[in-house]
Amino acid sequence: MRRLWYDARVRAALLQVAAIGLFAALVAWLAGNTATNLAQRGIAVGFDFLGRAARFPISESLIAYEPTDTFARAILVGLGNTLFVGGLVIGAATVLGLVVGLARRSRHPLGSGLATVFVDVMRNTPLVVQLLFWYALVTIGLPNARQALNPLPGVFLSLRGVVIPSPQIEGSAVLLGLSLLVVLLAVGIGAWFARRHRMRTGHGPRGRWLLTALVPVLLAMIWWWVGLSVTLDLPRLQGFNFVGGLTLTPELFTLLVGLTLYSSAFVGEIIRGGIDAVGQGQWEAGRSLGLSDAKTLRLIVLPQALRVIIPPLTSQYFNIIKNTTLALVVGYPDISYVIATTINQTGQAIEGVAILMGLFLGVSLAISLLMNWYNRRIALVTR
Amino acid sequence: MPLIQSVSRRLLLLAVGALTLGSASPALAQQTLESVKQRGAVVCGASQGTAGFGLPDQNGVWRGLDVDTCRAIAVAVFGDKDKVRFVPLTGQQRLTALQTGEVDVLPRTTTWTLQRDANGVNFTVPNYYEYPGVLLRKDLGVKESKDLKGASVCVQTGSTTEVTVADMSKTYQLDLKPVVFDSVSSTRQAFFSGRCDALITDASALAAVRATQAKNPDDYVIIPANDKMEALTPAVRHGDDRWFDIVKWSFQALIMAEQLGITQANVEEKLKSDDPTVRRFLGIERGNGQALGLDEAWAYNIVKQLGNYGEIFERNVGKGSPLKLERGPNRLYRDGGLMFPLVFN
């Protein structure tokens, strides 16, 4: 018996069994208590409410929504909005972050100075305060709808947002899609041949610029031939608001700008760190080969820096997705708004929070998978 | 500052609230009165600041119709209107906070609805009848809500107003463009900045906003959003009938006092009354206190310390307040209103 206890493997196994048992007991205790308390307080449990009509409005969404739709649809709409904002911000923050990161390492004092100030200000103030600041700026700075600025015909700038003309396609949407697909395919094949030609000879094929310029002409000709036409739906002030056109609301604008600026400071620092991690010798090697600084950066430094950049950048992407839950502060209906309202309308707090956590977990895992795949692809392969 | 409280933090609160349902609470449901007595204070869910209903004054003392409703319960239990604690809650947090035992009672301009009633809370008796209203600039020339076609409206989340807006838009085919915020202050700020044409919420709350926040209150009008009334009703948790009774009758005492003509000023005098109804109400003839598990002088104490419903109304939202609201449906049944005194036998 004592021999067994002194056996490291047996002991480790015992400890693990004990730990798992303890955890399972804790979960069972929590679940039991929850069930008892819920029953005691007469709170109905279950996801039946998802099929009922939501009845609350969602001010703007990518996916069409009416208050008569179900809670499940409302949640989908909220998720769509969150992913839309998250995706746009991730894209914009990465591009802006790259600019900021490079500017921080620029030899130009104005560039590096500005970037340093930007990073310090953005990183050291709370995001909520920044969002409220941008929103106040937008709502105080812009005129009301009746005195809207009209910089270009059909473009209006007011407290109701930016309203621009929207293209209205007349004719068959299928034909439009099909023709686009065909042209894209042709461009792809052309690019493949051009690449092969260059690999063989070291030169791009002759007349490639002319061919590229022909693409839009070709498209226009196809559209004319199948009888497609695009007209512009011009927005106009009617009653209280603008009718027609596309609207970028102050809420969405504020959220996009605020989140992008805030996140790009963090992304910028990650990229700067990655570039710093690549040895000075690599730059010198690039120069000695006669490459310009830009080419050295693009072809030699960045590919190596990416290996350092990707893991922290992935966490930053998670942060961006999670930070979108601040949307409601500036009145944009994201997933957390929909869930909170659902909880308020139905009283199903546990289910609501569980759905929210599940959705965020799902989104984060998806990003994680994608980034891990990318990380493996760019990893150093020893040959 | 509730304004800068982040939504994620708020969601966290909700999550924590949901999780506390999982913690062991030894038969909490049946013992609200005991735990209130042990604690030495009634904990009430309060608003984040609605003038006339619940708002701390310059000295940090909470004042308002809902606040006095809560104080009446404290007087009934302890004989002291100051044995209360107020927990400011957002519209989203309030029901969860009540269900999880954060607060003992929720008198917080909460509309009595079927869904809420069926899902974990019990509504006592309405302490205010209300209609949803629309606050607008006068110069828009809007006379009724049917004229609001295409208007942008600012709404606060976590209220029945969201549903009101959606229903209104559909019924009158208004194609309203709602902009929804999470805090009272952001919603109002957005309205006064001109982001929205209209602010929609309870008419009394709109009167409060107009009185306290508009640069020139006369520039704004309030019109009814639809033809529906709502009953704002203090709520308690499911499963504790004794506490449900105490909350219900503490408020009823205010109504009955007004019916019997008993005021804060004349309550001493009324102790000498020969009227059996008055004597039973004030506890000179014993029985009502014992039935509720309270001191026999509970109703006397309530009137002595807070006055009757009429006095509370005028002081907080009526003529004696900046809101200057009409009694309207909140008059006694006798006077053509909906406030109905139940029998104190």
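Mentor: Helices are DSSP runs of H or I with at least four residues, strands are runs of E with at least two, and both are numbered from the N terminus. This is a predicted model, in which local features need pLDDT of at least 70, side-chain atom pairs count only at pLDDT 80 or more, and totals for chains, interfaces and linings use all residues. Residues are numbered from 1 along each chain as its sequence is written, while chains are lettered from A and ligands numbered from 1 in the order in which they are written.

Trainee: How many helices and strands are there in chain A?

Mentor: Counting the DSSP runs just defined, one finds in chain A 12 helices and eight strands.

Trainee: What radius of gyration does chain A have, beside that of a compact globule?

Mentor: The radius of gyration is taken over C-alpha atoms, and the globule rule is 2.2 Å times the number of residues to the power 0.38. For 383 residues the rule gives a value near 21 Å, but chain A has 28 Å.

Trainee: What percentage of the residues of chain A count as buried?

Mentor: A residue is buried if 20 or more other C-beta atoms, placed from the backbone, lie within 10 Å of its own; it is exposed if there are 12 or fewer, and partly exposed in between. Of the 383 residues of chain A, the buried part is 31%.

Trainee: Why does Y317(A) count as buried?

Mentor: Y317(A) lies in helix α10 of chain A, residues 293–323. Leaving out residues up to four places away in sequence, Y317(A) is in contact (C-beta atoms, placed from the backbone, within 7 Å) with I90(A) and I367(A). Y317(A) counts as buried because its C-beta neighbours inside 10 Å number 23.

Trainee: In what order do the strands of the open sheet in chain B stand?

Mentor: Two strands pair if DSSP finds at least two bridges between them. Strand β7(B), residues 132–137, is joined by five antiparallel bridges to β10(B), residues 198–202, and by five antiparallel bridges to β11(B), residues 220–224. The pairing in this five-stranded sheet is mixed, and the order is β9-β8-β10-β7-β11.

Trainee: Which strands stand at the edges of that sheet?

Mentor: An edge strand here has a single partner strand, so one side of it is left without a neighbour in the sheet. The two strands of chain B in that position are β9 and β11.

Trainee: Which residue of β10(B) is the bridge partner of V134(B)?

Mentor: On β11(B), V134(B) stands opposite I223(B). Strand β7(B), with five of its six residues buried, is largely enclosed by the rest of the structure. In β10(B), L199(B) stands opposite L135(B), while the partner of V134(B) is I200(B).

Trainee: Which residues have the most contacts inside the largest nonpolar core?

Mentor: A nonpolar core is a set of buried Ala, Val, Leu, Ile, Met, Phe, Trp, Tyr and Cys residues joined through C-beta atoms within 7 Å. Apart from neighbours within four places in sequence, A198(B) is in contact with several residues, including V134(B), L135(B) and L148(B). The largest core has 160 residues, and those with the most contacts inside it are I73(B), A198(B) and I302(B).

Trainee: Which element supplies the largest share of the side of chain B that touches chain A?

Mentor: In the contact between the chains, 50 residues of chain B meet 46 residues of chain A. Seven residues, the largest share of chain B's side, come from α1(B).

Terms used:
Two residues are in contact if their C-beta atoms, placed from the backbone, lie within 7 Å.
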